[in-house]
Amino acid sequence: MTKTILSALAGQTLPVPPIWMMRQAGRYLPEYRATREKAGDFLTLCYTPELAAEVTLQPIRRYGFDAAILFADILLLPQALGADLWFVTGEGPRLSTITTAAGLAALKPADAIDETLAPVYETVRILARALPRETTLIGFAGAPWTVATYMVAGRGTPDQGPAHALKAADRATFQGLIDLLTEATVGYLSAQVAAGAEVVKLFDSWAGSLRGQDFDDFAMAPAKRIIAELKARHPGLPVIAFPREAGARYTGFARATGADCVALDNSVSAEWAAANVQKDGCVQGNLDPALLVAGGERLVSETRRVVRAFSGGPHIFNLGHGITPDADPDNVQRMIDAVRE
């Protein structure tokens, strides 16, 4: 049996696009909130394989998505490299900061991450056994630039200003951090594949704040290196890249990096992306997540518009970013029905 997502990633145009959602295991689901409460805190949920597997499976049971994405967090990797990580209720993650060459040198080497991340690999093994045969298992990591922005600032920032300031003031140290994260990300994703992930996705959530040569150096170059190394270790492995808010730089991104699929945010139209990005292969996206809060006829019509726009080539239906906690679970079913009808 060929899984539909693997067919789309191999370049096939399917009559009905396969579908999954970013953050499909999350706070919009009452069953997730119950499991999260049982775990006690977010990091315990991430590092308890049975619970992390349970929340990964919840949206598959409820909706029958074509793929499950591993439940984890992009900041587990810097924690495995020796950064302190904690979560502040209602505010999000906090990290110890890396702003100097000495701070960078104090981190662990890239090959020292597996002991900390072993529970994540165990979650993947559980999922590989538990998922329905037709459901693809996606592993993931944050892209080096995006992870670095958190490591430099110690938290999420609206404009990634601290990371931009460090690369301007001390480009060598910043490049060293990117290189460490690139090497560690290869090891992390490779271990997920060895445990049973069939596809991996690279989330560059803050790629849109990079311009010109910086986009080449810190978004494209690390993605290219990661993808090439993963494909050398795991021939035939499909990789999805998500340089969010790349705008015109989405064009040619798959060719430049070797990605099998480019995920698109909803700041570009599906019609533009079909003409400019899909010509190079599979695209993923790109419904506005806000429509899953509002619902109604516009949700249905916009879902159909995205499907129609991408119907001439390989497409995985998804949102332009993660589903939000205030989304209505019933609207998710309406969206799926509109895709599959």
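Helices and strands here are DSSP runs, numbered from the N terminus; a helix has at least four residues (H or I) and a strand at least two (E). The model is predicted.

**Exercise 1.** Find where R23 sits, and decide whether R23 is buried or exposed.

*Solution.* Start with the place. R23 lies in the loop between α1 (4-9) and α2 (30-39). Next, the backbone. R23 is not a glycine, yet its phi is positive, about 60°. Last, the surface. Exposed means over 50% relative accessible area. R23 has 51% relative accessibility, so R23 counts as exposed.

**Exercise 2.** Treat E245 the same way: which loop holds E245, and which accessibility class does E245 fall in?

*Solution.* E245 is in the loop between β6 and α12 (253-257). Its phi is positive too, near 60°, and E245 is a residue other than glycine. Now the class. The relative accessibility of E245 is 44%, so E245 counts as partly exposed.

**Exercise 3.** Trace the open sheet and say which strands stand at the edges.

*Solution.* The sheet has 7 strands with parallel pairing, in the order β1-β4-β5-β6-β7-β8-β9. β1 (67-69) and β9 (315-319) each have a single partner strand, so one side of each lacks a neighbour in the sheet. These two are the edges. From one strand to the next, the twist averages 25°.

**Exercise 4.** Locate the cis peptide bond.

*Solution.* The bond joins G285 and N286, with omega about -10°. N286 belongs to strand β8.

Notes:
Residues numbered from 1 in each chain as written. Predicted model: local features only at pLDDT ≥ 70, side-chain atom pairs only at ≥ 80, totals over all residues. Heavy atoms only, no water. Pairing = 2+ DSSP bridges. Axes fitted to C-alpha atoms, helices over the stretch in contact; angles between N-to-C directions. Buried < 20%, exposed > 50% of the residue type's maximum accessible area, 1.4 Å probe, protein only.
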